[in-house]
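Thanks for coming. I will go through one structure, starting with charged pairs and ending with the ligand.

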Amino acid sequence: MTLAAWTHCRLATMQADAATPYGLVDDGVLVVDGQQIAWVGPLSELPGALQARITVRHDAQGALITPGLIDCHTHLVYGGDRAHEFEQRLHGASYEDIARAGGGIASTVRATRAADAASLTAQSLPRLKALCAEGVTTVEIKSGYGLALEHERKILKVARALAHSTPVDVVTTFLGAHAVPPEFAGRPDDYLQEVLRMLPLLHAEGLVDAVDVFCERIAFSTAQTRKVFEAAQALGLAVKLHAEQLSDSGGSQLAAEFGALSCDHLEWLSPEGSAAMAAHGTVAVLLPGAFYFLRETRHPPVALLRGHKIPIAVSTDCNPGSSPCTSLLLMLSMACTLLQLTTEEALAGVTRNAALALGLRDRGVLAAGLRADFVLWDVAHPAQLSYAFGANPRLRTVVKGQSV
Ligand code: DI6
Ligand code: FE
């Protein structure tokens, strides 16, 4: 058996109950046993018996080591782009105007349906590789630009297959209830029945890890969302929700009632919604890229989230309409600058709390018994990861104990 030790490093363990900010350990040691972390702590406390069994030594040369980053909300498998809509918005059209006029999500649905699996893979892989290049080791990918069985299946299969082209772990989410496709125009409830038909079929094919809905006045109502959640619950699937992004629809209360893993966006979250999320352990996922790109002025109520001790995650929301972004490090900076998170909250948002948002208990912090997913950075202090925007100080990524 191989026991490998990483030494000469500073560790940001991100353990929730750590005595120091970021769970910082100076002159730390990380011992890896196969795919798992066996021990983590200061060199001075490394047990002699364990030290005697170490067979491989890696000198980290003063690097900072954090858990592997987790991007817990992306729509990165899609065809085409929407740069022309960006131009329209700069000339005064709003995101909702464009959506109502048949652009927006519908235009990406056209491009995604037109792309075969090979083309969709070719278009999406660079986005996943860009995330990996910044130390991302787990990515959630949603469907939702197919909106018909064969195309939703194609997206989810491409998402699963991408995991084999890169070292990252991919978690898939069925977002059939993202928009009403053109063939169901004016018949949203008929389309909802189609969503309810697709879900068990795709689940039976092993393509669905969780279920999401875009609950918004330009998308699906809370009553429609409830039907999708009931279907997910019947299959034993976890749910999450795009909630209170453009208006307060009350989606967060509904999601919390279903024990949702997360509610995402939340600019318009009410005190009642926040209380419901706190009561059910639902994570708040903040998406500063969409806030920035849509030039929102309404801030997610961070003080309310803190007051309720709701875990806050941060993600790219990588998608062609509201956040064409493949940099999770940039989201750290924006989470601090635009949404006023602390640098420690931002880093917890892409590690510990992002893991919670995906229901993954085996990663997100550096602790014995968890997956050995971690990143070596050329920085002295973890605040520098949020501070220097546009920089990428990643030195090396280790996934399940292997350098990648
Ligand atoms: N909320 C979002 O921010 C994305 N989807 C969603 O439900 C935007 C999707 C798009 O505009 O293509
Ligand atoms: Fe989204």
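There are 18 salt bridges in this structure, a salt bridge being a side-chain nitrogen of Lys or Arg within 4 Å of a carboxyl oxygen of Asp or Glu. This is a predicted model, where local features need pLDDT of at least 70 and side-chain atom pairs pLDDT 80 or more, while totals for chains, interfaces and linings use all residues. Side-chain values use heavy atoms, without hydrogens and water, and residues are numbered from 1 along each chain as its sequence is written.

One of the salt bridges joins Glu 140 to Lys 240, with 3.6 Å between the closest N and O atoms. Glu 140 is in strand S7 (residues 136-142) and Lys 240 in strand S10 (residues 238-243), so the pair ties together parts 100 residues apart in sequence. Strands here are DSSP runs (E, at least two residues), numbered from the N terminus.

Now the ligand. Which residues come nearest to ligand 1? Of the 14 around ligand 1, they are Arg 82, Tyr 95, Tyr 145, His 178 and Ser 322; "around" means a heavy atom within 4 Å.

Next, polar contacts, meaning pairs of N or O atoms within 3.5 Å. A side-chain N or O atom of His 178 is 2.8 Å from a nitrogen atom of ligand 1. For His 265, the distance to an oxygen atom of ligand 1 is 3.3 Å.

Definitions and conventions: Chains lettered and ligands numbered in written order. Polar contact = N/O pair within 3.5 Å; in protein donor to acceptor, adjacent residues only side chain to side chain. Helix = DSSP H or I, 4+ residues; strand = E, 2+ residues; numbered from the N terminus.
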